[in-house]
Amino acid sequence: EVQLVESGGGLVQAGGSLRLSCAASGFTFDDYAIGWFRQAPGKEREGVSCISTSDSYVYYVDSVKGRFTISSGNDKKTVYLQMNSLNPEDTAVYYCAASRHFYYCSGSGFVLADYDYWGQGTQVTVSA
């Protein structure tokens, strides 16, 4: 019953923008932590950003600070990742994931093992 679906990926030129969406069914994001992860070819999956609405906390890895913005919709069913100033190094499959414990998005960061539900991923390709 719990399901996450990503959308919004595509092909853009360097310097362009994309807005990814993560839609939830079977639960609402209130009291959950929502994370965005990505996996490039030949590399391990890594965390990009997370949000916890319960304590109004957001986290970004250094490589995307100032370029990406994570936000949640008022319906508690959607989370967005606005990606600006994209470069080829951002090319990857992007996944959204949910943790039943909101505190797994904190000043200590976030890790894959703490996230319980995963979407199918959406491809982001940035050309030079």
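Visitor: What is the relative accessible area of Glu 46, and how does that class it?

Guide: Glu 46 has a relative accessible area of 38% and is partly exposed, where buried stands for under 20% relative accessible area, exposed for over 50%, and partly exposed for what lies in between, with a 1.4 Å probe and protein chains only. Please keep in mind that this is a predicted model, in which local features need pLDDT of at least 70 and side-chain atom pairs count only at pLDDT 80 or more, while totals for chains, interfaces and linings use all residues. Residues are numbered from 1 along each chain as its sequence is written, and side-chain values use heavy atoms, with hydrogens and water left out.

Visitor: OK, and which side chain meets Glu 46 in a salt bridge?

Guide: That is Arg 38, with N to O at 3.0 Å; a salt bridge here is a side-chain nitrogen of Lys or Arg within 4 Å of a carboxyl oxygen of Asp or Glu. In contrast to the partly exposed Glu 46, Arg 38 is buried, at a relative accessible area of 7%.

Visitor: What else forms a salt bridge with Arg 38?

Guide: Asp 90 does, and the closest N and O atoms of that pair are 3.0 Å apart. This pair links distant parts of the chain, 52 residues apart, since Arg 38 is in strand E4 (residues 33-39) and Asp 90 is in the loop between strand E8 (78-83) and strand E9 (92-99); helices (H or I, at least four residues) and strands (E, at least two) are DSSP runs, numbered from the N terminus. Both Asp 90 and Arg 38 are buried.

Visitor: Which residues are linked in the network of salt bridges?

Guide: The network links Arg 38, Glu 46, Arg 67 and Asp 90.

Visitor: And how many salt bridges does a search of the whole structure find?

Guide: The search finds five. One of the salt bridges joins the side chains of Asp 116 and Arg 100, at 3.5 Å from N to O. Here too distant parts of the chain are linked, 16 residues apart, with both Asp 116 and Arg 100 in the loop between E9 and strand E10 (117-118). Asp 116 counts as partly exposed at 31% relative accessibility, and Arg 100 is partly exposed as well, at 43%.

Visitor: Switching topic: which residues have the most contacts inside the largest nonpolar core?

Guide: They are Trp 36, Met 83 and Tyr 94, in a core of 27 residues; a nonpolar core is a set of buried Ala, Val, Leu, Ile, Met, Phe, Trp, Tyr and Cys residues joined through side-chain atoms within 4.5 Å. Two or more residues come from each of several elements, including E3, E4, E8 and E9. A second, separate core has seven residues, among them Ala 33, Cys 50, Ala 97 and Cys 105. As background, nonpolar side chains in soluble globular proteins tend to be buried together.

Visitor: What does Tyr 94 touch?

Guide: Not counting residues up to four places away in sequence, Tyr 94 touches residues that include Glu 6, Trp 36, Arg 38, Met 83 and Val 124, where contact means heavy atoms within 4.5 Å.

Visitor: Backbone angles now: what is the phi of Lys 76?

Guide: Lys 76 has a positive phi of about 60° although it is not a glycine, and its place is in the loop between E7 and E8. Ser 85, also a residue other than glycine, has a positive phi near 50°; Ser 85 sits in the loop between E8 and E9.

Visitor: Last one: is Ser 49 buried or exposed?

Guide: Ser 49, which lies in strand E5, counts as buried at 0% relative accessibility. A polar atom of the Ser 49 side chain lies 2.9 Å from the backbone oxygen of Tyr 59.

Note on methods:
Polar contact = N/O pair within 3.5 Å; in protein donor to acceptor, adjacent residues only side chain to side chain.
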